[in-house]
Amino acid sequence: MNVQILNFIIYQAMKSGTPLLLATLGEIYAERAGILNLGIEGMMAFGAVVGFGVAYTTGNPWLGLLLGALAGALISLIHAFFSISLRVNQVVSGLALVILGLGIHSVMGKPYVGQKLSNTITGIISPSLAQIPVVGSIIVQDPIAFLGLALSVVLWYVLFKTKYGIILRSVGENPAAADALGINVYKVRYLATIFGGLMAGLAGAYLSIIFRPSWTEGITAGMGWIAIALTIFSLWNPIHALWASYFFGAISASQYLLQGKGIPVDILGMMPYIFTLVIVVIASLAQLKKRIGAPEALAVPYVRGQS
Amino acid sequence: MNTTGWITIVVVVAIVFGLIGYFAAPKGETKVITKPPTLKAAFIYVGDIGDYGWTHAHNVGRLWVEQHFSWLNTTYVENVGAEDARQVIENLISQGYTVIFGTSFDHMIPMKEAAENHTDIIFFHCSGYIRRPNMGTYMADFYQLYYLNGLMAGALTKTNKIGYVAAHTIPEVVRHIDAFALGIKEVNPDAKVYVRVIHAWYDPEKAQSAANALLAEGADVLAFTEDSPTVLQTLESKMKETGTQYYGFSHYSPMQDIAPNVTVSGQLVHWEVIYADILSKVYAGLYTNTNLQDVDYWGLLDSGAVELGGKPGVPINPKFVNDLKSVTVTDKLTGEELSVYDLVMRRLDQMKDKQMVFDPFEAYNEPIMGWPKDGSPEDLQEMIPVGHRLTYHERLVIDWWVDNVVSVGE
Amino acid sequence: MPDGTRFARILPYRVRLEPRVEVPRTFEIQVRILAILLSLAIMTIVFLSLHINPISAFKAMFLYAFGKGILSTLSRAMTLVLIAIGLSMAFRSLFWNIGAEGQYLVGAITAFGIGRLFPNLSGYALIPLMLLGGFAAGALYGQLPAILKVKLKVNEVITTLMLNYIAIRLLYYLVYGPWNVKEVVGGVEYTGYAVTNNIPYQAQLSTVGNSTLSYAMMGLVAVFLIAEYLIMERTPLGYDFKVIGDNPEAARYAGMRFLRLTMILMLLSGGLAGLAGAGELMANQHRLRPGFASGFGFTAIIIAWLGGTNPIGILLAGIFIAGIIIGGYNFQISTGLPVGFVGIFQGVLLFSVLFGEFLRRYKVKFERW
């Protein structure tokens with residue numbers, strides 16, 4: 001394998017993987033607290049249009065990223081209210097959020113169609129460094145890609161090594177017990193869902209501001225669904241999410257290297273999904289004894305005094 | 001509070017808002033039509049008008065005719081797939097629309113069925129091949145532009161590897177890739193074309209991956225068929241990151257301003273030219289519900305339905321004009337030496353001319369060799385013998401690759 | 001510590017939710033009406049703030065969907081309801097089958113394949129064969145997630161979701177590859193286009209007038225709605241499904257045969273989605289194309305949940321959701337607003353219905369702290 005090809009795979013793994021990673025990290029936290037939010041696609045779309053609109057109007061891409069993330073958080077509040085306070089079915093609420101978010105994004109995006117951002121965010125620009133094998137393709141990545149990398153470590157640490165992580169996990173595993181210990185289950189779940197929305201919004205804004213800084217409708221193109229799969233794929237672990245997202249990005253990208261060699265395009269196109277399935281099965285085989293599964297109370301509304 | 005109370009509140013709120021809405025809605029919104037338009041035309045779109053690709057371009061065309069023809073009233077419906085096309089058409093007919101445009105290949109079968117059920121309505125279908133006495137077809141085709149783009153690509157490439165990101169390898173795209181490859185071959189017989197297929201009309205992530213994969217394999221010029229500027233923006237950012245000059249060609253909508261440092265030229269469409277022609281002929285009574293069996297628009301350069309460039313009025317990005325002027329080639333028709341820039345302009349004029357003295361799909365001095373789509377690049381055959389120009393139907397079902405297309409995702 | 005979050009203390013009242021033990025039928029209906037009115041109130045605000053006349057917007061949506069466009073609404077409802085019947089049983093047993101889309105596709109693909117294989121068979125044989133093939137394919141496609149879930153504890157959301165994408169790619173492969181269109185029109189053979197040939201003419205289901213509502217689909221929906229009722233309410237199998245859903249751990253200890261039950265469950269759920277795919281192909285679209293994957297499997301999730309395992313509930317929910325979709329197109333035509341508004345409208349409507357569900361299940365009480 002020559003250097004260009006290797007660099008391409010690493011480069012594209014991070015490029016395609018970063019939006020997936022950001023959304024997955026958020027969903028991991030929400031699901032760890034027991035809230036299943038299938039609405040990632042809608043939250044991302046909303047974050048993307050708000051982020052682009054802000055970056056386009058103010059000329060400040062960082063402000064766009066920030067407000068895009070906040071927009072995701074805002075719209076996730078709907079899901080939080082319905083699934084935590086009103087205790088409705090989380091699957092349906094999530095699907096409704098997808099429809100709503102995509103609708104708003106389409107209406108709000110109309111004035112920006114075909115516009116591009118004058119300022120975007122790039123990584124270190126150094127053509128000589130970019131040629132270095134492996135390292136070169138990492139160095140040129142944008143700051144948000146590194147943020148995603150750092151966040152997965154930080155979020156892993158918080159989740160497994162701090163008091164807050166224990167609280168979050170206990171709320172998702174056994175909310176009644178957590179409540180008995182004086183933890184405010186509702187508050188934790190609200191915060192986790194909003195954090196999930198924040199990250200999905202950031203992922204969306206990343207797509208419209210950095211990944212492809214011009215506006216066309218439907219820029220999320222189904223990434224929100226992949227993030228849901230990656231959440232499970234990573235066994236609700238932020239570090240696993242890191243390599244799972246990059247792995248998915250790398251597999252999706254490398255199918256184009258194998259085209260023109262006699263294998264049908266669509267068989268190659270199935271690869272990322274088949275790989276995901278196979279790895280999930282292998283992981284389950286390995287984990288069966290240790291019982292690492294979904295948070296016990298995932299998608300189960302918490303009602304005080306019950307169960 | 002009991003349920004009756006809740007219901008009362010909501011009912012009251014709804015009624016109050018309803019009344020406010022009824023009276024407060026801006027009066028301009030209620031369409032006051034002084035002189036009733038005599039023609040109602042509806043446009044069915046397969047995607048969102050915000051795609052900045054196919055559907056967006058059709059809507060630009062619709063808005064143009066709506067604005068310029070006072071006797072015309074138009075509407076549109078977005079996001080109509082084949083599963084919904086029939087009921088949407090029934091609905092439009094029931095609302096008095098008498099001319100219906102279906103802008104996607106997916107609408108062909110539902111439109112055909114509707115045309116057979118409603119023989120008094122005029123249908124026009126874009127990009128298909130089925131016609132009825134009350135259903136014509138139309139298309140604006142880019143093959144000439146891709147050929148011109150190919151001339152530029154062949155002259156500009158330094159690696160002699162040229163990439164193409166294709167949505168699907170349907171005949172339209174095959175035709176475009178072949179025309180592109182023929183243009184490349186005319187100025188640079190050593191350059192090879194690599195095609196990567198993403199099987200999506202719109203998917204920025206896939207388009208970016210495919211574009212970067214082609215660059216990694218050594219391509220430095222890319223053309224594409226996909227409904228977004230992703231490929232050009234990928235080139236633009238790669239150029240910044242690596243310091244290498246890349247070249248690309250804009251597709252469908254004006255994209256030169258989105259990626260000004262890599263966009264050499266491109267293909268632009270003017271659906272309004274075709275829509276204006278069809279609608280004025282319907283209005284004038286030239287097109288009726290009985291004489292459309294052979295009406296088939298094929299918008300090329302001579303009609304003004306398509307235009308060369310990445311930006312209206314700019315056939316070649318000025319940034320690359322000097323590069324193109326510095327490469328000299330021989331005109332295969334006349335044998336005279338000239339720059340690629342001059343060759344592009346000469347061919348452009350030749351193809352704009354109704355006489356059509358030149359066509360990319362004619363074999364002039366030597367046969368055009370190619371290999372079948374379901375075969376391999378080794379199976380070279382004579383696809384166009386010397387002196388033959390592909391017929392219209394041969395172009396419509398073209399299913400082979402020119403010999404310098406060496407790698408295609410199947 | 002009283003119920004409610006700590007920051008709620010700034011309010012003079014606290015909110016208490018009391019589960020309703022018995023819900024009278026009239027109240028259920030009241031709540032649904034309330035939910036729809038609520039969504040209309042919200043949309044009125046949205047429309048007014050955008051200077052759109054709300055009355056004409058609502059008229060465009062509902063009067064058409066349940067008036068002139070009722071046949072289109074019913075046609076769409078039949079396909080969706082068929083998928084939803086199977087999904088509702090799966091959801092009742094807490095099997096989160098997100099893969100109806102893929103099961104629907106393999107159903108359509110198989111039905112098409114059978115039609116392609118036996119183009120000369122009489123319609124009386126071909127139609128049942130294609131429908132059965134669709135059912136069988138969907139049922140089989142649903143088995144992998146079932147087995148993986150029970151045997152290896154692999155989460156069914158990820159397996160069914162991944163199998164959706166694989167089915168879509170299979171469809172693309174067939175449409176562009178071996179099953180690509182080859183038809184002669186005006187003396188010229190057309191091939192390479194993004195579509196297949198028609199299914200044999202005798203396999204195309206007859207429909208009501210010019211609509212796409214087929215008699216066969218109505219019959220199938222009726223049969224399976226009744227079947228669902230009988231299975232869930234009158235057989236031990238239905239009882240077992242409910243036990244799994246209500247208390248999976250207890251079911252496990254009671255020695256229930258999980259694998260067998262889950263496989264039967266997905267046989268029904270996947271099978272009905274596959275049947276719906278075959279039916280949609282034979283009644284409405286007649287050809288496969290890449291866009292055949294149009295999200296019906298996801299829409300049906302909403303219907304399955306709204307309707308529960310109550311046959312009447314599923315039917316009404318299906319007609320309602322189909323009405324929103326069909327009405328959405330008319331809304332576009334009449335108001336000239338972009339399709340995004342339809343999404344917003346549908347989203348608001350769904351959340352309102354969810355709010356109604358909440359009111360149906362809980363009594364809201366305001367009490368002083």
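User: Which elements make a right-handed β-α-β unit in chain B?

Analyst: A crossover is right-handed if, with the strands pointing away from the viewer, the path from the first strand over the helix to the second runs clockwise. In chain B, such a unit is made by β3(B), helix α4 (residues 108–117) and β4(B). Helices (H or I, at least four residues) and strands (E, at least two) are DSSP runs, numbered from the N terminus. This is a predicted model, in which local features need pLDDT of at least 70 and side-chain atom pairs count only at pLDDT 80 or more, while totals for chains, interfaces and linings use all residues. Residues are numbered from 1 along each chain as its sequence is written, and chains are lettered from A and ligands numbered from 1 in the order in which they are written.

User: In which sense do β3(B) and β4(B) pair, parallel or antiparallel?

Analyst: Two strands pair if DSSP finds at least two bridges between them. β3(B) and β4(B) are parallel, with 4 bridges; B:Gly102 has B:His125 of β4(B) as its bridge partner. Strand β1 (residues 39–44) of chain B also pairs with β3(B) in the parallel sense, over 4 bridges, and there B:Ala42 stands opposite B:Ile100.

User: Which residues are buried on the two faces of strand β3 of chain B?

Analyst: A residue is buried if 20 or more other C-beta atoms lie within 10 Å of its own, exposed if 12 or fewer, and partly exposed in between, with C-beta atoms placed from the backbone. In β3 (residues 99–102) of chain B, B:Val99 and B:Phe101 are buried on one side, and B:Ile100 and B:Gly102 are buried on the other. Over the whole of chain B, 59% of the 410 residues count as buried.

User: How does one read a positive phi?

Analyst: Most residues other than glycine have a negative phi, and most peptide bonds are trans. B:Ser127 has a phi near 80°, a positive value in a residue other than glycine. B:Ser127 is found in the loop between β4 (122–126) and β5 (135–140) of chain B, and counts as buried because 21 other C-beta atoms lie within 10 Å. In chain C, C:His286 is likewise not a glycine and has a positive phi of about 65°. C:His286 lies in the loop between α11 (258–285) and α12 of chain C, and is buried, with 23 C-beta neighbours inside 10 Å. A glycine example is A:Gly59, which takes a positive phi of about 75° just after α2(A).

User: How many residues does helix α2 of chain A have, and how many of them are buried?

Analyst: The expected span of a helix is 1.5 Å times one less than its number of residues. Helix α2 (residues 40–58) of chain A has 19 residues and reaches 26 Å from its first C-alpha to its last, close to the 27 Å expected. Because 17 of the 19 residues are buried, α2(A) is largely enclosed by the rest of the structure.

User: Where does chain C touch chain A, and which element gives the largest share?

Analyst: Two residues are in contact if their C-beta atoms, placed from the backbone, lie within 7 Å. This contact takes 40 residues from chain C and 44 residues from chain A. On the side of chain C, the elements that give two or more residues are α6 (143–152), α7 (156–176), α12 (296–307) and α14 (340–361). The largest share, 14 residues, comes from α14(C). That side divides into 27 nonpolar, 8 polar and 5 charged residues. Here Ala, Val, Leu, Ile, Met, Phe, Trp, Tyr, Cys and Pro count as nonpolar, Asp, Glu, Lys and Arg as charged, and the others, Gly among them, as polar.

User: How many residues of chain C are in contact with chain B?

Analyst: In this contact, 46 residues of chain C meet 48 residues of chain B. The largest share of the side of chain C, 11 residues, comes from α1(C). The residues of that side divide into 24 nonpolar, 18 polar and 4 charged.
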